[in-house]
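Visitor: Please take me through a close look at a single part of this model, with its surroundings. I should also like to know how far the coordinates may be read in detail.

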Amino acid sequence: MRIYEVKDICRMTGLTRREIFEYQKYIKPVAYKNAAKYKLFDDTALEQFRQVSIYLELDFSPSQIKELLINGELDKEESLLKQIELLKEKQKKIADMLYVSEHIYEMGLPYINVLSYISNDFSEMVDIIRKREERIIASDVMKRIEGVSESTERRIDQILHSILNLEKHSEDEYKSNIEALIEELETIFKRELGINKYMMNNIFSHYAIGGNIGHVFDEYFGKNAGETIGIAVTEYYAEKYFPILEKFFDLMCDVIEENGITEPEDDRVQKLAREMHENVIMCLDEFPAVEIITLASILEETCLGESNLKDELLAKYGNLGARNLLEIEQCERIAVDALLRYAKSAIEEENKEEHDEQD
């Protein structure tokens, strides 16, 4: 029988002295060396310490490892199966973290603020981002852009340069010209590339935020061009569909207040949520239900977060009767929740339709 000192166990297992002392109550030494009582271990103990080293690499907790050492072979298989599931979950989380990190790098650091609106649930956020990206990839946008004729490419360049030059004009001149330029861009994108208003807005919102995508754009059009043009296009579309959002959100709050509605699933508010969605679709040609989650989150922060709008809300809803701030917030909260409930059911409908088409 071979005998090993602690330093030998450390060398042969990769464990630290602290880790060996952590488990020595469960892996007992066979003898002690001289008056200093240095611990000595045999081959059986060495094998157990090697197992501990593997368990640590597999991310078992100290309490799990101690349990395995106490129970011997009894729980090892079951524990290993549980650990496999746990590691799979961690693997998914790491993959999601990597995906989001790469996405932020592409889009630019300010995109973190956009992500905070999408969802507080990290897994849900990743699913929403992936859906958006899959939608863009499926549309084959880049291939179509690369395949445009030289004359179309020249005209797109002229329009984009014109949008850049509007920065030098007065606000009135800017407003009178921006609409015509974007409408012409819409026509070209629709006719030549099969890209609708929603997709066009999505493409330019990527440039607005910056990141690696924006840098590529800037190399061609000049410093900060991506941000300037991106903001111009996205603000133009926001001015088109945000009044629709506000109108229906106000209607939802009114219906909730006047009828004493307490449940976001109520058919009356769900009907208004659907009408809101349908009207935004008419405005942008398309508007996937996942975007409603983002809008609802923005509304929640605007209405219920640390904002300066609370006094405005009091004044706005004052004509509906005596209502204090808490009552206003309650109506807004139910309306936001109703939008989120609608969005999730609408996403399920969209997924079912996609599945049926594939079948």
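Guide: Where pLDDT is low, the predicted coordinates should not be read in detail. This is a predicted model, in which local features need pLDDT of at least 70 and side-chain atom pairs count only at pLDDT 80 or more, while totals for chains, interfaces and linings use all residues. Residues are numbered from 1 along each chain as its sequence is written, and side-chain values use heavy atoms, with hydrogens and water left out.

For the protein, the mean pLDDT is 77, with 75% of the residues at 70 or more. The lowest mean among the elements, 48, belongs to helix H16 (residues 310-316), and the highest, 93, to helix H14 (residues 267-284). A stretch with pLDDT below 50 also covers residues 306-310, which have eight contacts in the model beyond near neighbours in sequence.

The protein contains 17 helices and three strands; these are DSSP runs, helices being H or I of at least four residues and strands E of at least two, numbered from the N terminus. Of its 359 residues, 41% are buried, a term for under 20% relative accessible area, with exposed over 50% and partly exposed in between (1.4 Å probe, protein chains only). Contacts between residues at least 6 apart in sequence join residues at least 24 apart in 66% of cases.

H13 spans residues 225-259, and its axis lies 9 Å from that of helix H9 (residues 150-165), at an angle of about 90 degrees. Axes are lines fitted to C-alpha atoms, for helices over the stretch in contact, and angles run from 0 to 180 degrees between N-to-C directions. H9 is therefore roughly perpendicular to H13; under 35 degrees counts as roughly parallel, over 145 as roughly antiparallel, 65 to 115 as roughly perpendicular and the rest as oblique. On the H9 side the contact is made by Leu160, Ile163 and Leu164, and on the H13 side by Ala225, Thr228, Ile229 and Ala232. Six of these residues are nonpolar, one is polar and none is charged (Ala, Val, Leu, Ile, Met, Phe, Trp, Tyr, Cys and Pro count as nonpolar, Asp, Glu, Lys and Arg as charged, and the others, Gly among them, as polar).

Gly230 also belongs to H13 and, at 0% relative accessibility, is buried. Its C-alpha atom is separated by 8.3 Å from that of Ile203, 27 residues apart along the chain.

With H14, the axis of H13 crosses at roughly 170 degrees, the two coming within 10 Å. The pair is thus roughly antiparallel. H13 contributes residues including Tyr237, Tyr241, Ile244, Phe248, Met252 and Asn259, and H14 contributes among others Arg268, Leu272, Glu275, Met276 and Leu284. By class, the residues of the contact of H13 with H14 are 17 nonpolar, two polar and three charged. In the loop between H13 and H14 lies Asp266, which is buried because its relative accessible area is 18%. Asp266 and Ile256 are 10 residues apart in sequence, and their C-alpha atoms are 9.2 Å apart in space.

Although not a glycine, Asp285 has a positive phi, near 80 degrees. With 36% relative accessibility, Asp285 counts as partly exposed.

Asp59, in the loop between helix H3 (43-57) and H4, is likewise a non-glycine residue with positive phi, about 70 degrees. Its relative accessibility of 37% makes Asp59 partly exposed. Helix H4 (residues 62-71) has Ile65, Leu68 and Leu69 as its buried residues. Viewed down the axis of H4, they fall within an arc of 100 degrees and so line one face of the helix, the arc being that of the directions from the helix axis to the C-beta atoms. Ser63 and Ile70, on the other side of H4, are exposed.

A further aspartate, Asp96, sits in helix H5 (residues 76-107) and is buried, at a relative accessible area of 3%. Beyond four places in sequence, Asp96 touches Phe122, Val126 and Arg130.

Terms used:
Contact means heavy atoms within 4.5 Å. pLDDT is the predictor's confidence in each residue, from 0 to 100.
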